[in-house]
Amino acid sequence: MKLFVRSPEFASLNVGFALDEGLASSDDSFSVYYGERTLWHLQIKCSGTPGHGSLIHENTAGEKLQYIINKFMNWREHEKLRMKTCKLNAGDVTSINLTMLSGGCQVNVVPPELSASFDVRLSITVDTTIIENTVRKWCEEAGEGVTLEFIEKSAFIQPTLLGPENPWWVTFKNECDKMNLKTKTYVFPGATDSRYIREVFIQYNNIF
């Protein structure tokens, strides 16, 4: 889909509004997903003093990695608390998960490099530039030899407009109301092909 939406074949379809499946609803309403969070997969590598495990070395990769992990886990705890206290849905907050740790060759050797990978889904309400600058600042604070690499870095995609300025949404909502169909709007928690369609300025909703 990422490539297809940029093709002349897709342009010839003259698409104005698109619908796709979403997630199952737990009540008698239809869930309408009008946007999704920004997907980032990132890896932070920390290099430091290597040596034998019997000594307490200065400036090790482990110390730097600990600083980074603490920053991400504190951020995660903040979002988890916000979701609970404000009674928000999964798509309303930023999710942060530590998914991979790597480094080292054997237990009694202090490694020259350790890395941590994170799955981050940014809320549609945050400024992605500010978040990236914050993460880069953490890397600087952790010490020399700490680098940030984006494995996946999706751009922020404007959600579908849910108001009178969007004639497609108004028509869809009016028809649902005529049929007495209850609808609830959400931000989709995962990443789908809908982001590629929205990226080319087509109004798009996932429904179930």
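Student: What volume does the largest pocket have?

Tutor: The volume of the largest pocket is about 190 Å³. The model is a predicted one, in which local features need pLDDT of at least 70 and side-chain atom pairs count only at pLDDT 80 or more, while totals for chains, interfaces and linings use all residues. Residues are numbered from 1 along each chain as its sequence is written, and side-chain values use heavy atoms, with hydrogens and water left out.

Student: What makes a space a pocket, and what makes it a cavity?

Tutor: On a 1 Å grid over the protein atoms alone, a pocket is an open set of points with protein on both sides within 12 Å along at least five of seven lines, whereas a cavity is a set where a 1.4 Å probe fits but cannot get out. Lining residues have an atom within 4 Å of a point. Grid points are joined across faces, edges and corners, and a volume is the space filled by probe spheres set on the points.

Student: Which residues of the lining lie nearest the centre of the largest pocket?

Tutor: A24, S31, Y33, N89 and Y186 lie nearest the centre, out of 15 lining residues. Two or more residues come from each of β2 (30–36) and β9 (183–188), and β9 gives the largest share, three residues. Such strands are DSSP runs of E with at least two residues, and helices are runs of H or I with at least four, numbered from the N terminus.

Student: How does the lining of the largest pocket divide by class?

Tutor: It divides into seven nonpolar, six polar and two charged residues. Ala, Val, Leu, Ile, Met, Phe, Trp, Tyr, Cys and Pro count as nonpolar, Asp, Glu, Lys and Arg as charged, and the others, Gly among them, as polar.

Student: Which residues line the largest cavity?

Tutor: The lining consists of E36, R37, T38, L39, S154, A155, I157 and R195. This cavity has a volume of about 40 Å³, and the structure holds one cavity of 30 Å³ or more.

Student: Why are D27 and K184 said to meet in a salt bridge?

Tutor: The term requires a side-chain nitrogen of Lys or Arg within 4 Å of a carboxyl oxygen of Asp or Glu. The N to O distance for D27 and K184 is 2.8 Å, so the pair qualifies. Side chains of opposite charge can pair when their charged atoms come close. The structure holds twelve salt bridges.

Student: What makes E132 count as buried?

Tutor: Its relative accessibility is 15%, so E132 counts as buried. The side chains of E132 and K153 meet in a salt bridge (2.7 Å, N to O). E132 lies in helix α3 (residues 128–142) and K153 in strand β8 (residues 146–153), so the pair ties together parts that are 21 residues apart in sequence. A network of salt bridges links E132, R136 and K153.

Terms used:
Buried means under 20% relative accessible area, exposed over 50%, partly exposed in between (1.4 Å probe, protein chains only).
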